[in-house]
Amino acid sequence: MVRVLFVCLGNICRSPMAEALFREQVKEAGLEGKIEVDSAGTGGWHVGEQPHEGTRLKLGEKGIGTEGMEGRQLSQADVEEFEYVIAMDAENLGNIHKLAGRDSDVYTARLLDFVPDHEMDDVPDPFFTGDFDEAYELIEEGCRRLLAFVREREGL
């Protein structure tokens, strides 16, 4: 089983959106039994909370559910147990690297690293911008390209 973890700051906007989108893409590709998906936040402010209303509404427009999802904080076990830990921005990627340490084998990147032809490097946080449409578009494209990368790298 290949395990992919999406990480943002609070785990209520971007990373749960990525988790739900990637899970849907994995299902559409017929890889449900081969790729496991989760999300976490580097901060603990929203532990136990459901995804942000804006995330739920945007995903709902696309017929993608968030049932059973709740905020949790990134842990040391995550960087040891997941093969891919994908951050929504540079700040969170730095926090992942601090937690993982230099000797870690975990594959880390920003989601938009998989979209090199895009002018943005980070997915803006809709908690602060209010733009869940922009976040969705960036995350959907990043997840699609990440899935292609994982499939090729893992031979799926």
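This is a predicted model: local features need pLDDT of at least 70, side-chain atom pairs count only at pLDDT 80 or more; totals for chains, interfaces and linings use all residues.
**Aromatic cluster**

I started with the rings: Tyr84, Tyr107, Phe114 and Phe149 form one aromatic cluster. I then searched the whole structure for aromatic pairs and got six.

I looked at phenylalanine 6 and phenylalanine 22 to begin with. Their ring centres are 5.3 Å apart and the planes sit at 70°, so I logged the pair as edge-to-face, the cut-off for that being over 60 degrees. This pair ties together distant parts of the chain, since phenylalanine 6 belongs to strand S1 and phenylalanine 22 to helix H1, 16 residues apart. I checked burial too, and both phenylalanine 6 and phenylalanine 22 are buried.

Buried or exposed, I asked of phenylalanine 114? Its relative accessibility is 10%, and it counts as buried because the limit is under 20%. Tyrosine 107 has a relative accessible area of 25%, which makes it partly exposed.

**Charges over rings**

Next I looked for charged side chains above rings. The charged end of arginine 3 sits over the ring of phenylalanine 82, 4.0 Å from the ring centre. I also found lysine 58 over the face of tyrosine 136, with 5.7 Å to the ring centre.

**Strands S1 and S2**

I traced the pairing at the start of the chain. Strand S1 (residues 2-8) runs parallel to S2, and seven bridges join the two. Which residue in S2 is the bridge partner of valine 4? I found valine 37 there.

Then I asked why strand S2 is largely enclosed by the rest of the structure. Of the seven residues in S2 (residues 35-41), five are buried, so that settled it.

**Serine 39**

What does the side chain of serine 39 make a polar contact with? I found the side chain of asparagine 11, at 2.9 Å. Setting aside neighbours within four places in sequence, I listed the contacts of serine 39 as Leu5, Phe6, Asn11, Ser15, Pro16, Glu19 and Arg72. Phe6 in that list is the phenylalanine 6 of the edge-to-face pair.

Alanine 87 stands opposite arginine 110 in S4. The chain goes from S3 through H4 to S4, and I noted this β-α-β crossover as right-handed.

Where is aspartate 89? I found it in the loop between strand S3 (84-87) and helix H4 (90-100). Its relative accessible area is 11%, so aspartate 89 is buried.

I followed the side chain of aspartate 89 next. It reaches the backbone nitrogen of glutamate 91 at 3.2 Å, and the backbone nitrogen of asparagine 92 at 2.8 Å. Not counting residues up to four places away in sequence, aspartate 89 touches Arg14, Arg110 and Asp122. Arg110 there is the arginine 110 that stands opposite alanine 87.

Note on methods. Residues are numbered from 1 along each chain as its sequence is written. Side-chain values use heavy atoms; hydrogens and water are left out. Buried means under 20% relative accessible area, exposed over 50%, partly exposed in between (1.4 Å probe, protein chains only). Helices (H or I, at least four residues) and strands (E, at least two) are DSSP runs, numbered from the N terminus. Two strands pair if DSSP finds at least two bridges between them. Rings of Phe, Tyr and Trp (its six-membered ring) pair if their centres lie within 6.5 Å; planes under 30 degrees apart count as stacked, over 60 as edge-to-face and the rest as tilted. A charge sits over a ring if NZ of Lys or CZ of Arg is within 6 Å of the ring centre and within 35 degrees of the ring normal. A polar contact is a pair of N or O atoms within 3.5 Å; within protein, one must be able to donate a hydrogen and the other to accept it, and residues adjacent in sequence count only if both atoms are side-chain atoms. Contact means heavy atoms within 4.5 Å. A crossover is right-handed if, with the strands pointing away from the viewer, the path from the first strand over the helix to the second runs clockwise.
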